[in-house]
Structure formats: C-alpha cells, structure tokens
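Hello,

Here is the structure we talked about. My notes on it follow below.

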Amino acid sequence: MKIIIAENYKELSRRAANMISAQIILKSDSVLGLATGSTPVGIYDQLAERYQTGDLDFSQIFTVNLDEYYGLSAEDRQSYHYYMTKYLFSRVNLSKAHCFLPDGTNLDSRTECKRYQNLIEDLGGIDLQLLGLGHNGHIGFNEPADFFEKEVHLVNLTEQTIQANQRFFESAKEVPRQAYTMGIGTIFQARKILLAVSGKEKAEALYQVAKGRICPQVPGSILQIHPDVTVIADKGAAELF
Ligand code: GLP
C-alpha cells in the first residue's frame, strides 16, 4: 500500500486526478470503477477541466460505480446515478452506453446483484477503482460485518452511515436503509485501487484501514493485501501516521 500525503483537499484532488488521467491516457478503453460522496467531487472537477482543455478523451472509457441506494431511480436527486451525471457524466465525453451503476429501481435483489456482478465481469474487470472511505472503515457500502461479502449484494446500512449520509437528504428519515454495493471481492479484483481520504474525522478509520488488523469489522483493511493500492490522504486524514 503506497501512501501519499497531500497538503490539502485541492492537492489531494489534483494528485488523484493525475492517476486517473494517466490510466485514461495509457489505456483509452479502460474500465474505471467510480465512487460517490463528498471526497471525489474535487477529483471529478479536475477531470472535467482536463477534458475541457483537450487533455483527456473519455469516448472509449467505461465506468462502473461502486454502489446505489435501493429504491432510488436515476432521476432522484439523491441517487448516486444523479450525482454521477451531475459531477462527471454530463461534463465529459463519456458515452451514456458505457456508464453503469446498480439499478436501484430493480427491487428484485437476486437478479440485480447477479446482473451487475456479471456486467463487471463481462467488461473484463476493473482497471482502476477509485474509493472513498466511510467513518467506520467501509468501502463502497461494505459495512463492518463478521465476514467479507465477495460479490455485488444488497446491504443494510448501519446507523452511523445513515447519520453520515443524511447531509445529502432533508432528514435522516429519508436516507434509504438499504443499498446495492460491489462486494469486497468485486473491488479486490480491480487491477489498481486508488483510495482518496480527506479530513480529520476520517483519520482513525484510515489508520485502522492502513495499519490495523485485517478484519471484516474494518472492511477497508483488506486493501493492505491488494498488490496495487495507492492511498492519497490530505494532512487531516493522515494525522495519525
Ligand atoms: C458513502 C459511499 C462511499 C463513500 C462514503 C464516504 O457511504 N457509499 O462509497 O466512500 O460515503 O463519503 P464521503 O466522501 O462523503 O465522506
């Protein structure tokens, strides 16, 4: 696990965008695994800017997102689909037919999990997976548990995650209680992983992920044994190193 400490959020975003840009330039038909939340917003801004300046071409790129809220449609302003359209898809020349997320409106979880897992495999797997980190060490929506879930699955969100994500909703009551997420195995099969972490409030989680015991109670800790992981953290998030 390579750890890069950035001066601040802007620097973190720039460095993470550098890595994603390199991937796009070196392999123009890459499959990028994408994340949501506040952390990647600056990274997507950078990528959009580089597309505007003519430095990046997304026309052959494929994207697969980590997760989506169960029950929310692409048109719902709180869905991850909506977020991706707003922050990235509408700002670069990604083909709509190349951008994939779990379908929150498919309430039949068995078929939806299978469909999304197969879709990722049919694309040939993920070349570079961007991850954020939850306050409890979750990646995607893989919450602390007694075992690592391998494949795409439907998860019950923890109270801590519901509280953390309520800032995007009118109230905690409106945060969906369940979500579809790539499993730890799905994420682990990505050829390269980039974990971006910002802010003091993530310092303990990042420390456990990078230096703690590898256990499903800290889902991100599994990344310690992946062969190609880069962590980009700002000074706040890295304060316990
Ligand atoms: C959500 C997402 C995660 C993300 C996490 C942290 O729970 N499912 O993929 O990493 O939030 O988000 P933020 O960057 O807003 O702290």
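The lining of the second largest pocket divides into eight nonpolar, five polar and two charged residues. Here Ala, Val, Leu, Ile, Met, Phe, Trp, Tyr, Cys and Pro count as nonpolar, Asp, Glu, Lys and Arg as charged, and the others, Gly among them, as polar. This is a predicted model, so local features need pLDDT of at least 70 and side-chain atom pairs count only at pLDDT 80 or more, while totals for chains, interfaces and linings use all residues. Residues are numbered from 1 along each chain as its sequence is written, and side-chain values use heavy atoms, with hydrogens and water left out.

**Second largest pocket**

Its volume is about 290 Å³. A pocket is an open set of points on a 1 Å grid over the protein atoms alone, where a 1.4 Å probe fits, with protein on both sides within 12 Å along at least five of seven lines; lining residues have an atom within 4 Å of a point. Grid points are joined across faces, edges and corners, and a volume is the space filled by probe spheres set on the points. The lining has 15 residues, and R77, Q78, Y83, Y87 and F168 lie nearest the centre. Helix α3 (residues 80–87) gives the largest share, five residues. Helices (H or I, at least four residues) and strands (E, at least two) are DSSP runs, numbered from the N terminus.

Q78 sits in the loop between β4 (67–69) and α3. Q78 is partly exposed, at 28% relative accessible area. The classes are buried under 20%, exposed over 50% and partly exposed in between (1.4 Å probe, protein chains only). Beyond four places in sequence, Q78 is in contact (heavy atoms within 4.5 Å) with Y69, L72, F168 and F169. Q78 and F168 are 90 residues apart in sequence, yet 6.9 Å apart in space, C-alpha to C-alpha. A polar atom of the Q78 side chain lies 2.5 Å from the backbone oxygen of F168.

**Largest pocket**

This one holds about 420 Å³ of space. It has 26 lining residues, with G37, L133, G134, N165 and K202 closest to the centre. By class, eight are nonpolar, 14 polar and four charged. Helix α5 (residues 159–165) supplies the largest share of the lining, four residues.

**Helix α1**

Helix α1 (residues 9–26) has 18 residues. From first C-alpha to last it reaches 26 Å, close to the 26 Å expected at 1.5 Å a residue. That expected span is 1.5 Å times one less than the number of residues. Its buried residues are E11, L12, S13, A16, A17, I20, S21, Q23 and I24. They pack against β1 (2–6), β2 (31–34), α2 (41–52), β6, β9 (192–197) and β10 (229–234). At the start of α1, a side-chain oxygen of N8 comes within 3.2 Å of the backbone nitrogen of K10.

**Two strand residues**

Where does Q129 sit, and is it buried or exposed? Q129 is in strand β6 (residues 128–131). Q129 is buried, with a relative accessible area of 0%. Its contacts beyond four places in sequence are G33, L34, L66, M182, I187, A190, K192, I193 and L194.

L154 is in strand β7 (residues 153–156). L154 is partly exposed, at 26%. Beyond four places in sequence, L154 touches Y70, S109, C113, Q178, A179 and Y180. L154 and G124 are 30 residues apart in sequence and 23 Å apart in space, C-alpha to C-alpha.

Best wishes

Terms used
A polar contact is a pair of N or O atoms within 3.5 Å; within protein, one must be able to donate a hydrogen and the other to accept it, and residues adjacent in sequence count only if both atoms are side-chain atoms.
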